[in-house]
Every structure is written in C-alpha cells, then in structure tokens.
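Open the structure in your viewer and keep the selection tool at hand. The tour goes from one selection to the next.

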Amino acid sequence: MTTSDETVVARLASAPVPVGSTLMQLTVFGQVGADGRETEEVVTLRTLAPWSESAAPPIARIHSACFTGDVLGSEKCDCGPQLSASLAAIVRSYNGVLVYMLRQEGRGIGLANKIRAYALQAAGHDTISANLALGFPAEGRDFRMAADCLRHLGITRVRLMTNNPEKVGQLAAQGIVVEDRVPLGGFRTPFNEAYLEVKDRLMGHLDALGTARPLTGLPVGVSPQGAP
Ligand SMILES: Nc1nc2c(ncn2[C@@H]2O[C@H](COP(=O)(O)OP(=O)(O)OP(=O)(O)O)[C@@H](O)[C@H]2O)c(=O)[nH]1
Ligand SMILES: [Zn+2]
C-alpha cells in the first residue's frame, strides 16, 4: 500500500495470539527490500470478534515503542501503564486494535539516543532540551504508517486513546476518521512528574497530568497542529 508520500508498508506475517485471556490477531507490517529482506516496522493486535461497519468504530491505541517503560516498567515515563490500560480497554471492547510502532523508540530517535537524552536529563535538561542538545528535534514522529496499517486491517474510523493532538491530526490528514479522542493520562509517579509537566505545558498534550477532562475531548477530524 502506498500513501501520497510513497510510504510503503507490506503485511509480512499474521497469526492468532492469546493476550489477556483473549485470542487476538497479531500482524507484523514492514518493508520488503529489493533483495527480499524484511524490515519490521509496526505490530498490530486486533480483536477477533465479528464487527460491522455500522457499529461504533474500534477503540484504538497507537503506541510508540518504549523499551524502558513497556518492557522494564520504568517509572520515568507513563508508557508502561498507558500500554497496559489501553490493551485492557481493547480486550474489553471486543472491537479494538493496538498499533505498536516498533521503530518509534524514544519518539523516533532510538534507544541509545533516548538513554543519552536521559543522561542529559539527569544533569538538569528537560525532555525537549535534551533532544535539542543531541541534535534532534523535540518531536519528529510520523504516524502515516499507522494509518496505512489501519487501512490494511479495513479500519477507517477509530476512537483513539491518546493525549497527543498531533497523532489525531496526522491520522485525520491520512484519511482516518478519529470519531473520539479518549484520554489516557494520570499515570503519575514521583519519577515522571517533570516529563508529564513538559508534555502538558510545552508539547500541547492534553490530560497527561490526569486532570479531569471529558472523554470526547476533540471534535471529529480535528487538526490542532495545522494539518488539513
Ligand atoms: N527522546 C525521548 N523520548 C522519550 C523520553 N521519554 C519517553 N520517550 C519516548 O516517548 C514515546 C512516547 O511518546 P509520548 O510523547 O510520551 O506519548 P505520545 O505517544 O506522543 O502520546 P500519548 O498517545 O498520549 O501516549 C516513546 O517512544 C518513549 O520511548 C525522553 O525523555 N526522550
Ligand atoms: Zn516511555
């Protein structure tokens, strides 16, 4: 499948996997090089219960890889509890999908660079200034591939669990209708306070601090960062 900017994502493999005592369909998407070599980019996990186009759109989570938070349970960010909570909601809904962005570790700068950023943060930098000091933008993620994968799964409308308006805007720009934004915040620890503050004050994220806001925070297809 090709988007306007020539992003190509192929379905590499798919099989049922039991998660949360529920059988889900796990699909690996990626690129296939001219030599046949596969590069894994995205994993989706889709509930298997039959659902119809006329039903409410699936509840969806697009999650950027975070080895420290997702795998190790690090409390320096809120990724681990966000992943658990969203996966639980997906399983409960019988009509949900997780889109796990394998190559977006550290907001796309990779694990080693994220840990370099952590070292700078231990010396006084915040999330943004640490990235800038390393020569990276504060935020450079591109969610077009997530939209491609959703389309591969036959999904064109979602209720998106996120606090990040940029994700909503990018999906909308790629033709995925975000009918609802479902807040996914409030996972504070003594260690992630500063990180959540920066998301709230400087990065335009909503609800990261867990302050009460309505479940449907944004109107359909809203694009607060200027995307069409
Ligand atoms: N560069 C960098 N990346 C970080 C840092 N802390 C967490 N991350 C990465 O940030 C990504 C998660 O992005 P967030 O901005 O926390 O959340 P989001 O996915 O944009 O928004 P939500 O949908 O609301 O979760 C993961 O890939 C983490 O590895 C950090 O200090 N520096
Ligand atoms: Zn994290």
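This is a predicted model: local features need pLDDT of at least 70, side-chain atom pairs count only at pLDDT 80 or more; totals for chains, interfaces and linings use all residues.

Residues are numbered from 1 along each chain as its sequence is written, and chains are lettered from A and ligands numbered from 1 in the order in which they are written.

Select Val-42, Ala-60, Val-99, Ala-146, Cys-149, Leu-150 and Leu-171. These have the most contacts inside the largest nonpolar core, which has 37 residues. Such a core is a set of buried Ala, Val, Leu, Ile, Met, Phe, Trp, Tyr and Cys residues joined through C-beta atoms within 7 Å. A residue is buried if 20 or more other C-beta atoms lie within 10 Å of its own, exposed if 12 or fewer, and partly exposed in between, with C-beta atoms placed from the backbone. Among the elements that give two or more residues to this core are strand 3 (38-47) and helix 5 (144-152). Helices (H or I, at least four residues) and strands (E, at least two) are DSSP runs, numbered from the N terminus.

Next, select Ala-13 in strand 1 (residues 10-19). Ala-13 counts as exposed because it has 12 C-beta neighbours inside 10 Å. Its C-alpha atom is separated by 18 Å from that of Ala-147, 134 residues apart along the chain.

Go on to Ser-21, in the loop between strand 1 and strand 2. Ser-21 is not a glycine, yet has a positive phi of about 60°. Most residues other than glycine have a negative phi.

Is Arg-107, the last stop, buried or exposed? Arg-107 has 21 C-beta neighbours inside 10 Å, so it counts as buried.
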